Amino acid sequence: VDIDGISAFWDYSEHNANIFSNYVTSSVIVEYYDESVEIRRANDMFFKEIGISRNSFEKYDRNILPNLSPTSQVTVCNLLDNVIISGHELSDEFCYDFQGEVRWIKCSAKLLARCGDSFIFLVTVENITELKNSQYLYRLMTEKFKLLSKTIDIINFEYSADKDEIKIFSK
């Protein structure tokens, strides 16, 4: 991968830049160098997906790593390093705290260009917070059901899933 052609992404008048800006998938162009992951360009769907306006986002540092937990920083850097090594598009998930709310993101990264020790990636971004929350609730409900199943011969009960409520009756 080389730097030829990547300049079209930087020039807003270029056809490729226009296609990227209107791309229906939430996407960013990131530059990875010296333990820094900087968002160089983001399309409108990215802001919609992460739930922040472009103007609000501009207030943040372009380097996303300081905004992530140490574990998520490692996940992001490992993803990009593995894409560089393999030459293939790869995906991973990480969480971050946004104004006191935990959000989960799934990223798929593809290497576009390399210039010295700097790497340019196209990264698609999907907010999977609702999916992760649903998976957590499912595991929680499964554990409750297992506990209730073990007591079925001992007590009579009625469970209301919508209220997450158990009524116990005498035998």
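1. Terms first. Helices (H or I, at least four residues) and strands (E, at least two) are DSSP runs, numbered from the N terminus. The model is predicted: local features need pLDDT of at least 70, side-chain atom pairs count only at pLDDT 80 or more, and totals for chains, interfaces and linings use all residues. Residues are numbered from 1 along each chain as its sequence is written, and side-chain values use heavy atoms, with hydrogens and water left out.

2. Overall layout. The protein chain has six helices and seven strands. Along the sequence, their order is α-α-β-β-α-α-α-β-β-β-α-β-β. Of the 171 residues in the protein chain, 33% are buried. Buried means under 20% relative accessible area, exposed means over 50%, and partly exposed is in between (1.4 Å probe, protein chains only). Now take the contacts in the protein chain between residues at least 6 apart in sequence: 38% of them join residues at least 24 apart. A contact means heavy atoms within 4.5 Å.

3. Asn43. Look in the loop between β2 and α3 for Asn43. Is Asn43 buried or exposed? Asn43 counts as buried, at 0% relative accessibility. Its side chain reaches the backbone nitrogen of Ser27 at 3.1 Å. For a polar contact, the rule is a pair of N or O atoms within 3.5 Å; within protein, one must be able to donate a hydrogen and the other to accept it, and residues adjacent in sequence count only if both atoms are side-chain atoms.

4. The loop between β1 and β2. Asp34 is found in this loop, and Glu35 lies in the loop between β1 and β2 too. Asp34 is exposed, with a relative accessible area of 67%. Glu35 is exposed as well, at 60%. Check the backbone angles here. Asp34 is not a glycine, yet has a positive phi of about 45 degrees. Glu35, also not a glycine, has a positive phi of about 60 degrees. Which distance separates Asp34 and Ser118 in space? They are 8.0 Å apart, C-alpha to C-alpha, and 84 residues apart in sequence.

5. The largest pocket. About 500 Å³ of space lies in it. On a 1 Å grid over the protein atoms alone, a cavity is a set of points where a 1.4 Å probe fits but cannot get out; a pocket is an open set with protein on both sides within 12 Å along at least five of seven lines; lining residues have an atom within 4 Å of a point. Grid points are joined across faces, edges and corners, and a volume is the space filled by probe spheres set on the points.

6. The pocket lining. The largest pocket is lined by 26 residues. Nearest its centre lie Ile39, Phe46, Ile64, Leu68 and Phe94. Elements giving two or more residues to this lining include β1 (27–33), β2 (36–42), α5 (70–86) and β5 (118–127). Which element gives the most? β3 does, with four residues. By type, the lining divides into 22 nonpolar, two polar and two charged residues. Here Ala, Val, Leu, Ile, Met, Phe, Trp, Tyr, Cys and Pro count as nonpolar, Asp, Glu, Lys and Arg as charged, and the others, Gly among them, as polar.

7. Thr75. This residue lies in helix α5. Thr75 is buried, with a relative accessible area of 17%. Set aside its neighbours within four places in sequence. Thr75 is then in contact with Asp92, Glu93 and Phe94.

8. Thr129. Helix α6 (residues 129–150) holds Thr129. Thr129 is buried, at 9% relative accessible area. Leaving aside neighbours within four places in sequence, Thr129 is in contact with Val102, Arg103 and Trp104. Arg103 is 26 residues from Thr129 in sequence, but 5.3 Å away in space, C-alpha to C-alpha. The side chain of Thr129 reaches the backbone nitrogen of Trp104 at 2.8 Å. A polar contact of 2.6 Å also joins the side chains of Thr129 and Asn127.

9. Cysteines. How many disulfides does the structure hold? The structure holds zero. A disulfide is a covalent bond between the sulfur atoms of two cysteines. The cut-off used is a pair of cysteine sulfur atoms within 2.5 Å. Cys77 counts as buried, at 9% relative accessibility. Cys107 counts as buried too, at 10%.
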